[in-house]
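Take a look at the model first, then we'll go question by question.

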Amino acid sequence: QVQLVESGGGLVQAGGSLRLSCAASGSILNIVRWGWFRQPPGKQRELVGTVTSGRDTNYADSVKGRFTISRENAKNTLYLQMDSLKPEDTAVYYCNALVLRQGNAIFNYWGQGTQVSVSS
């Protein structure tokens, strides 16, 4: 089994910064793709951004230029640096990983979510 544990959420004023982390543990051969998603209050879950094993990144238009995704392969850890935060960034942020496990099977895992609240 694989577990994803997020940390780093909290309350911040508009214009401030936060850094989220997501640590993966368990039976992992490789994390093919990491992703951050978020679910604002009363809305559906949406993509924030992804990073592949080749470190190619992709971001939602709403966060481009403000958020940066990075990964530390040796620690199986994903980061989300969030700068210039806006009240509309308020959401529960979820970590996602596509994990290659023994037998060449790829599984999809989610973290439990961490709350980010941005005050105006």
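Buried means under 20% relative accessible area, exposed means over 50%, and partly exposed is what lies in between. Keep in mind that this is a predicted model.

Q: Is Phe 37 buried or exposed?
A: The cut-off for buried is under 20% relative accessible area. Phe 37 comes in at 15% relative accessibility, so Phe 37 counts as buried.

Q: Which elements does the protein chain have, helices or strands, and how many?
A: Reading from the N terminus on, the elements run β-β-β-β-β-β-β-β-β-β-β. There are zero helices in the protein chain, and the strands number 11.

Q: What does the radius of gyration say about how compact the protein chain is?
A: For 120 residues the globule rule gives 14 Å, and the radius of gyration of the protein chain is close to that, at 14 Å. The chain is therefore as compact as a globular protein of that length. As for the box that its C-alpha atoms fill along the principal axes, that is roughly 50 × 25 × 25 Å.

Q: What share of the contacts with a separation of 6 or more is between residues 24 or more positions apart?
A: A contact here means heavy atoms within 4.5 Å. Take the contacts in the protein chain with a separation of 6 or more, and the part from residues 24 or more positions apart is 54%.

Q: How many positive and negative side chains are there, and how far apart are the centres of the two sets?
A: The protein chain carries 12 positive side chains and 8 negative ones. The centres of these two sets lie apart by 5 Å.

Q: How many aromatic pairs turn up, and what is the geometry of Phe 37 and Trp 110?
A: Searching the whole structure gives two aromatic pairs. In one of them, the ring centres of Phe 37 and Trp 110 are 5.0 Å apart and the planes sit at 65°. Planes over 60 degrees apart count as edge-to-face, so the pair of Phe 37 and Trp 110 is edge-to-face.

Q: Where in the chain do Phe 37 and Trp 110 sit, and how many residues apart are they?
A: Phe 37 belongs to strand E4 (residues 30-39), while Trp 110 belongs to strand E10 (residues 105-110). The pair links distant parts of the chain, its members being 73 residues apart.

Q: Why is the pair of Phe 107 and Tyr 109 described as tilted?
A: The ring centres of Phe 107 and Tyr 109 are 6.4 Å apart. Their planes are at 35°, so the pair is tilted.

Q: Which is buried and which is partly exposed, Phe 107 or Tyr 109?
A: Phe 107 has 37% relative accessibility, so Phe 107 counts as partly exposed. With a relative accessible area of 11%, the buried one is Tyr 109.

How values were computed: Residues numbered from 1 in each chain as written. Predicted model: local features only at pLDDT ≥ 70, side-chain atom pairs only at ≥ 80, totals over all residues. Heavy atoms only, no water. Helix = DSSP H or I, 4+ residues; strand = E, 2+ residues; numbered from the N terminus. Rg over C-alpha atoms; globule rule 2.2 N^0.38 Å. Lys, Arg positive; Asp, Glu negative; His and termini not counted. Charge placed at Lys NZ, Arg CZ, Asp CG, Glu CD. Phe/Tyr/Trp six-rings, centres within 6.5 Å; stacked < 30°, edge-to-face > 60°. Buried < 20%, exposed > 50% of the residue type's maximum accessible area, 1.4 Å probe, protein only.
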